[in-house]
Amino acid sequence: MDPLLIAALSGVVGLALGVVGMYAFRVSEKQRGAGIDVDEPLMPAGATEVLASLGLAYIVVDTVDGVVRANPAAYAFGLVRGHTVVHQQLLNLTARVRGDGVIIDQEHELARGLQGETSLVVHLRVAPLGDEYILVLADDRTEFSRIEAVRNDFVANVSHELKTPVGAISLLAETIEDAADDDVAVRRFTQRLHKESRRLAALVQDIIELSRVQGKNVVHAGRPVDLEDVIADAADRSRLPAESKNIELKIGGTLPHRVHGDADQLAMAFRNLIDNAVRYSPESTRVGIGLSSRDGIAQVTVTDQGIGIAKEDQERIFERFYRVDAARSRQTGGTGLGLSIVKHVITNHGGEVALWSQQGRGSTFTVRLPELDESLDTLEGLGRGAAGLAEASDRTAPYGPASRHSAANPAPTRAGEGGNA
């Protein structure tokens, strides 16, 4: 046979075999794929719809703890990253459920953030889902836990603070009874009894005011407030104790626009600031109250000429019951709640309060509140003012000596502590 013909026939046979082999390979792949699809475990019927309606973060993992399904809340809380469960605590729970077949309900505090810089308190419910999957439900309890901790801390602090004046009153009453025949001793102890009674009354009143501040919704219950009138009234109420120490109260500047809020709460906040400055300032000094308006933000500064507040104390000055000098606060009648009330009031009004202080140069408390755009609805104006406050914060220089030297904010020369009242 012709060699050329033999080569041609061999090529045709080889091509045919190649085509047949490729076809057989594709058929085999399809069959294998079909086999995998048939064997893959399925989610129970209706499970997806039920999970979507729960309103909780959820994760569904398979037999090797790979994430099969998770909703956006699970990713937002940092429980899942990609297809991996982030926290070992969750993996330990899924392993227990997989081994025992029981449902677990537990509360855990989990690290949150790339570096675990914050924490998240979640109530976890881990249960089997079908034959192959494990379901993890997570309910965020962070805010609830924080409020509970604050409440417990507040109760403990109040109990501690009340013990001092109550104990002093009880002791003084016994002393007066024992010294009934000594008129001089009776008068002296009676004066101290009056002082402790006034301190107890002030403490109870501050606790009531703080509770009222924390419980009122200023956004819905507020109305337009003229800050100039509020501050003038607050200064007038502090004028008598200021005059007793020969302290000059100086108000300068104007606030052309009103703010949205509660006039009584704002008056209480500014009265606490001014009283604080007067109480901790030495005699024959000045307390300056500066008013200004810029970019939709009303700014009020209260400056004393005290000895200033140490850097380590400035970070805690707005905490409840925190005092820079506890012994001096008791002598001046301070309760340790004044600046905490100020902080709550200003925050409730969408504003901010900041402290600049330098030892030997006095202290300046700066309050910034969004002004009311009265061409709009009250709540819309408040929203625009709050946005302006955020923008102005980026443009405003840090609080410091440069912001203090004005007619309304005289440069401090000497001074009182300006600590928490």
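Modeller: Glu-248 and Arg-286 form a salt bridge, with 3.3 Å between the closest N and O atoms. The pair links distant parts of the chain, since Glu-248 belongs to strand β9 (residues 248–253) and Arg-286 to strand β11 (residues 286–294), 38 residues apart. A salt bridge here is a side-chain nitrogen of Lys or Arg within 4 Å of a carboxyl oxygen of Asp or Glu. Helices (H or I, at least four residues) and strands (E, at least two) are DSSP runs, numbered from the N terminus.

This is a predicted model, in which local features need pLDDT of at least 70 and side-chain atom pairs count only at pLDDT 80 or more, while totals for chains, interfaces and linings use all residues. Residues are numbered from 1 along each chain as its sequence is written, and side-chain values use heavy atoms, leaving out hydrogens and water.

Both partners are partly exposed: Glu-248 has a relative accessibility of 38%, and Arg-286 has a relative accessible area of 27%. Buried means under 20% relative accessible area, exposed over 50%, and partly exposed in between (1.4 Å probe, protein chains only). Strand β9 also holds Gly-252, which at a relative accessible area of 15% is buried. The C-alpha atom of Gly-252 is separated by 7.8 Å from that of Gly-288, which is 36 residues away along the chain.

The structure holds 9 salt bridges. One of them joins Asp-139 to Arg-141, with the closest N and O atoms 3.1 Å apart. Asp-139 is partly exposed at 25%, as is Arg-141 at 27%. In another, the side chains of Arg-294 and Asp-295 meet at 3.5 Å, N to O. Asp-295 is partly exposed, with a relative accessible area of 42%, whereas Arg-294 is exposed at 57%. Shared partners also join Glu-107, Asp-139 and Arg-141 into one salt-bridge network.

Two strands count as paired if DSSP finds at least two bridges between them. Strand β12 (residues 297–303) runs antiparallel to β14 and is joined to it by 7 bridges; Val-300 has Val-367 of β14 as its bridge partner. Strand β13 (residues 352–358) is likewise antiparallel to β14, with 7 bridges, and Ser-357 stands opposite Ser-363 of β14. β13 and β14 form a hairpin with 3 residues between them, and Gly-360 in the turn has a positive phi of about 90°.

Now the protein as a whole. There are 13 helices and 14 strands, and buried residues make up 39% of the 421 residues. Among contacts (heavy atoms within 4.5 Å) between residues at least 6 apart in sequence, 66% join residues at least 24 apart. The protein exposes about 23000 Å², of which carbon and sulfur atoms supply 54%. Accessible areas come from the Shrake-Rupley method with a 1.4 Å probe; for residues, only the protein chains shown count as cover.
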